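Please look over the sequence and the structure that follow, and then read on for a guided walk through some of the places where the chains meet.

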Amino acid sequence: MTCLPEQTTRSLGLVIDLDTCVGCHACVISCKGWNTENYGAPLSDQDPYGADPSGTFLNRVHSYEVQPDNAPAQLVHFPKSCLHCQDAPCVTVCPTGASYKRTEDGIVLVNESDCIGCGLCAWACPYGARELDLAEGVMKKCTLCVDRIYNENLPEEDRTPACVRTCPAGARHFGDLSDPDSDVSRLVAERGGMDLMPEQGTRPVNKYLPPRPRDSWQGEVDVLAPFLEPVAEEPRGLLAWIDKTLEKL
Amino acid sequence: MAQPRVETSPRVSDEVRKTTCYMCACRCGINVHMKDGKVAYIEGNRDHPVNKGVLCAKGSAGIMQHNAPSRLRAPLKRVGPRGSGRFEEISWDEALDTAVGWLKPLRETAPEKLAFFTGRDQSQSFTGWWAQAYGTPNFAAHGGFCSVNMATAGIYTMGGAFWEFGAPDWEHAKLFLLFGVAEDHDSNPIKMGIGRLKERGAKVIGVNPIRSGYNAVADDWIGITPGTDGLLILSLVHCLLKAGRIDLDYLARFTNAPVLLECNPKSPDHGLFLRDADGKPQVIDRATGKQVAWDTPGIMPDLTGHVRRAGVTHTSVMHHIAEHYLDPQYAPEAVADRCGLTPERIRALAAELARAAFDDPVVIDRPWTDFRGDRHDRMVGRPVAIHAMRGISAHANGFQTCRALHILQILLGAVETPGGMRFKPPYPKPAEAHPRPHARARPGQPLNGPHLGYPQGPEDLALSDDGLPLRIDKAFTWENPLSAHGLMHMVISNAHAGDPYRIDTLFLYMANMAWNSSMNTAGVMEMLTDTDENGDYKIPRIIYSDAYSSEMVAYADLILPDTTYLERHDCISLLDRPISEPEAAADAIRWPVVEPDRDVRGFQSVLLDLGARLGLPGMIDEGGAPTYADYADYIQNHERRPGVGPLAGWRMSDTGLTHGRGSPNAAQIDSYIANGGFCTLHIPEEAQYFKPWNRAYQDWAVTTGLCDTAAPYLFQLYVEPLRRFQRAAEGHGDQQPPDHLRDQIKGKLTPLPLWYAPDAGSPDTYPVHALTQRPMAMYHSWGSQNAWLRQVHGHNPMYLPSRLMQEHGLQDGDWARVTSPQGEITVPVMEMAALNPNTIWTWNAIGKRKGAWALKPGAPEATKGFLLNHLIHELLPPKGDGLRWSNSDPVTGQAAWFDLRVRLEKAEAPPEESRPAFDAVTSPVGQGPDQLTWQSKT
Amino acid sequence: MHPAPSIIAFTTFSGLGLGLLFWLGVDPEAPTGWIGFAFFLIGYLLAGGGLMVSTLHLGRPERALKAFTQWRSSWLSREAWTACAALIVMGLYAALLVFFGVQVHVLGWLGALLCLATVFTTSMIYTQLKTVPRWHHWSTPVLFQLYALGGGALLSGRVITGLVLIGLAALAQAGWWLGGDQRLAASGTTIESATGLGHIGRVRAFEPPHTGSNYLLREMVFVVARKHAQKLRLIALGLMAVLPALLLLLPFGHWLAAVAVLAHVAGVLVSRWLFFAEAEHVVGLYYGKR
């Protein structure tokens, strides 16, 4: 079981738009809510009202400052959850077969009743996508809301991961990345979607769309100048110009 | 080996109950999934006009708020000294009897001695109605320390402002210019809007000292120096005027730019509009050259109109705009340094606005007719959408800065046109259509009208015949004449000082005044516990209602415990702050999706009970029996005007159910529940733009009961009421300001916006600006009791720009002492490069008092977290004249939080805790559990 | 990586125990009777005890048997198999020796091989992790083997062999440290590759996702000050190799030998602590830490 499938029928995953993510943590909490109530054990919280509150989360939003050479520093919000890698190292290290990659859609899951909580899968994951739940003693990770996306008790339009459904800025997209014609694959192609840590050789399914170029006004100064060509230098001149212009209307 | 079988279609819930979120002020629609009678999961409601299915972190964490261990459980009577947190639980009867025992004698003798102020109240039309029936002039909500500058400037200028009042046209805008915004103000709609703009390839420019949140995703960031936004905006106006990049047709038809001014300096009306016998402002008709009333059908007002009479030339407002803003003092070169920008940056921004507005206008092929009867074949718009809130508002120059922003929008022709900014019903609604303030208390009588309003001149001020303030917060006085939301930040300070008079009972709802909602927090805690020479508290009685064990609880004598937002009825009313969108009027309800499991009651129901026990008019029938059983009963059956009640949906007409005007419907709430908790009244297509002047919109507004007669109006580039106050300060009229305020009124209440530097400490001694902002995942103090949210923001560093980190030899995790003219704090620091180089900031209201919110003593909120409030005084430093000058905008009284200036030093010996540190209060609800494994599934 | 006492104890003691069993297995004249019993008991206490301790860090120790199922792909599963096989085969070998005085050499050799295989599988659990560049190197299994063989030799009373092997282990350890210090940089994984933002400019971690701690930080981001690490490295080498060598080169005495063994074990514990504490998991880059 912990051998990876040669190929999956589909490669479901997320495309996360770093150009649009405002860092609001909506996806983080929506995920926490859904997965506390659904798939497997609840996501527990230790010392929730105390000095060192620390709970299990399957999705967390980082933030980074990026300093270009000749422009102001930028702030990039960076949501991160399981990337459902094609070569998922977390799966092959699992001694019990609890971790596996589904053949039909490529989702990497933990079968909690087989998990011994050894933590090795979390060690093997370069992205920090897996967290051991301290109350339950089993490994928790993003399920891509496998209990939503096929859920016949939900209206069709709600059959998306909770994080995607809730994202206010529309920075999260869900779909089949093995289908080149899917919306997500097109987004990746158009916007130069990228892998995280490609050198780790994990071949992530989830892709990140890089921020669009920022603060490019300096390059446009000459183009913009004609828009401020003066029609008058002082009030009398401006009023005369207004009169003349209104005549023409 | 086969794959494990995964249950991919588990039962999601037994039932979905749709109500309105209250995790911040945005009022999104939520689907509450119920399992076995318990709340199991909360998600956004896809059909809801505000959030269309999405939900922020706070909203999704509602389940942790609803179940928070900090929930109050029963009415409480204080048994220890004020501030100790020692209480004993009492019955509701005892609690209400106590309140009646305090309030009844007051009403009969001096109703103004009750000060009733509500914080993040979403039922102000109800609480205001109650206060009016009681008869005290001392009522307001938290607007005065929030964003009243924005609201007031918008309403006086264009009959609407941002957020509930108006929103960008996300579908057509090509350039979006965003100034400082508090995140809870329209949070999901702005996120959705920015997402939509990005999807459409529109450009987003952020003007903000801090590049976080929305500014982080802005294509261009302008890291302006705090408090100088007005200067930047007027410089943009200067550039656009000079280049003739203004919408002449729009200005002529829809604004008071062509209105003629009395230009004779000797006239008592100097600077007021020329009016005809009917009092209508005059314009010159371009076709005939005649002087006519502004609304004469068929005319084309002349922007550059003027008329010569008795040797004096009376010119149009446009002349004055040209004269004011073409002045070289507004040239980019002249302002850039003060704004912390380069002249090139300012010019480029002006040029981008010009290009976006005039190079590629939005044209919608949709004919419409204006109020003068002119038929327009198409709707032509300027696709520049501008939005702003708290960031430019919370300064002592905020009113005029907000005014300047609206002038810029209007000059571009970008308000109520496609691609610009649009109003949400009941707006547009000009200042004259709003009530005037009322403040004359009479023993045993209700107040003669609503408390809050929009003064048109000195005659509307809330002053006694002796010229003394009638209100405890000194709203609507010469100090801040247009204080349309009151000055909640001054209530405790004034009541403690007995200035203008002493009060007896302070009654607060949802206002954490002993902590993050006050400036000068430590000072306020002292005022609340201070005693007179007899050992009696200077503020004799304090009643407080809150659902949670907030810091304020410890300072009250009587606690009326409220329910959580999932246990209550509420109405988000068109009489108040509804959830309308530019293309629809909409209101909503909350309803108890679960019943409380504690001895708590919804505050509004308690207020009705209290009102009935006090015998307040409207709350008892002729026989003295309560008119309303509870708030739900009020929501359904109260009528403010005939046919107009708190909710506009599913009212009764002769022919059956109707929206808008109609008589009460005993099953109205059921209809709301069946419809997902809200009601939408769509605006006809023809009426969706140009609303203030659009006949179709005006007719629709009357039909739906938003107003009683069509009332088209002009945008007020020149605000005449301000000029009326100036005239008084210049010595005209019966109502005269005190001498010490004459210069302030003359200099700052100008009818065309200006910029002045806020008076906030010497830049030499206090060279650095300090700001707070609300994180997207937390709503003021509420978030810290939320087990999920407090993991995201459990403490707050002070963010310093790289320059200041280096200058002071600081590294991440070091501590710094931050000093203002008011006080000193010692706090941990962290570097941020994407920050104005002369500005520091922190997250608002993460710091907590030990013992509050059912947190354990070592909670990082109370050890590493801190409030910036300690550095901000509600008063300006004494000027030596013996007067108490409030730290507020001189026009509106808005609390000037963001004028704060400080100096920094590295704390060589880091303290164990943030300073100042306060003793723990006793928690009236104990402390939360050690572990949560929340799950309602069985 | 978090230097969890259970894992440090497990790798140290099971390595020593398996090393001792290895030497007992290949001993042409293995001890019998009570002496044999004592040697095997020590071996089993160390190896078995170490393995038992390792289950302490499991979230669900009661399901530990499931770890035998994935031997085709998982080094941890293979370790379970080899460890059991080693202990069973050696157990049979030992029982025959102790109770019947019969030495079945084939069994001994097989058991010894399985002991080495167990140490190898243990080391491969770490070596396989690309996410921890310091471990992800062929020298890690070599180091583990040298430690097991050297320590085992010492325990079995093979002074010269032991000292030679421990000396080799010390050399290997020093080389492994020096090489390890370069490995994260050499791996090519940086905060820029982690975020994909390097094309814009220099990347710096700003606000962490949560202000509090979390499992990932506790488990995988353990920052040990460099100057302390250098000191501890010297202490480890001194205890595991230099001190035992000095003690054992003195005229032989049981007490000295015991102290030498204890010093060696202490040194191995320190080096194992460093093995974890110094290991940088690439996930730390997302938190601006290493």
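Predicted model: local features only at pLDDT ≥ 70, side-chain atom pairs only at ≥ 80, totals over all residues.

Residues are numbered from 1 along each chain as its sequence is written, and chains are lettered from A and ligands numbered from 1 in the order in which they are written.

Together the 3 strands form an open sheet in the order E5(A)-E4(A)-E1(C), whose edge strands, E5 (74-80) of chain A and E1 (202-205) of chain C, each pair on one side only. From one strand to the next the twist averages 35 degrees, where axes are lines fitted to C-alpha atoms, for helices over the stretch in contact, and angles run from 0 to 180 degrees between N-to-C directions. Tyr64(A) has Val76(A) as its bridge partner in E5(A), and Tyr64(A) also stands opposite Ala205(C) in E1(C).

The contact between these two chains takes 53 residues from chain A and 48 residues from chain C, two residues being in contact if their C-beta atoms, placed from the backbone, lie within 7 Å. On the side of chain A that touches chain C, the largest share, 8 residues, comes from E4(A).

Chain A also meets chain B, in a contact that takes 90 residues from chain B and 82 residues from chain A. Helix H12 (residues 343-359) of chain B gives the most to the side of chain B that touches chain A, with 8 residues. Strand E2 (residues 45-46) of chain A and strand E36 (residues 931-932) of chain B pair in the antiparallel sense over 2 bridges, and the bridge partner of Asp45(A) in E36(B) is Leu932(B).

Within chain B, Tyr325(B) is found in helix H10 (residues 317-325). Tyr325(B) counts as buried because it has 26 C-beta neighbours inside 10 Å, the cut-offs being 20 or more other C-beta atoms within 10 Å for buried, 12 or fewer for exposed, and partly exposed in between, with C-beta atoms placed from the backbone. Leaving aside neighbours within four places in sequence, Tyr325(B) is in contact with residues including Leu234(B) and His238(B).

Notes:
Helix = DSSP H or I, 4+ residues; strand = E, 2+ residues; numbered from the N terminus. Pairing = 2+ DSSP bridges.
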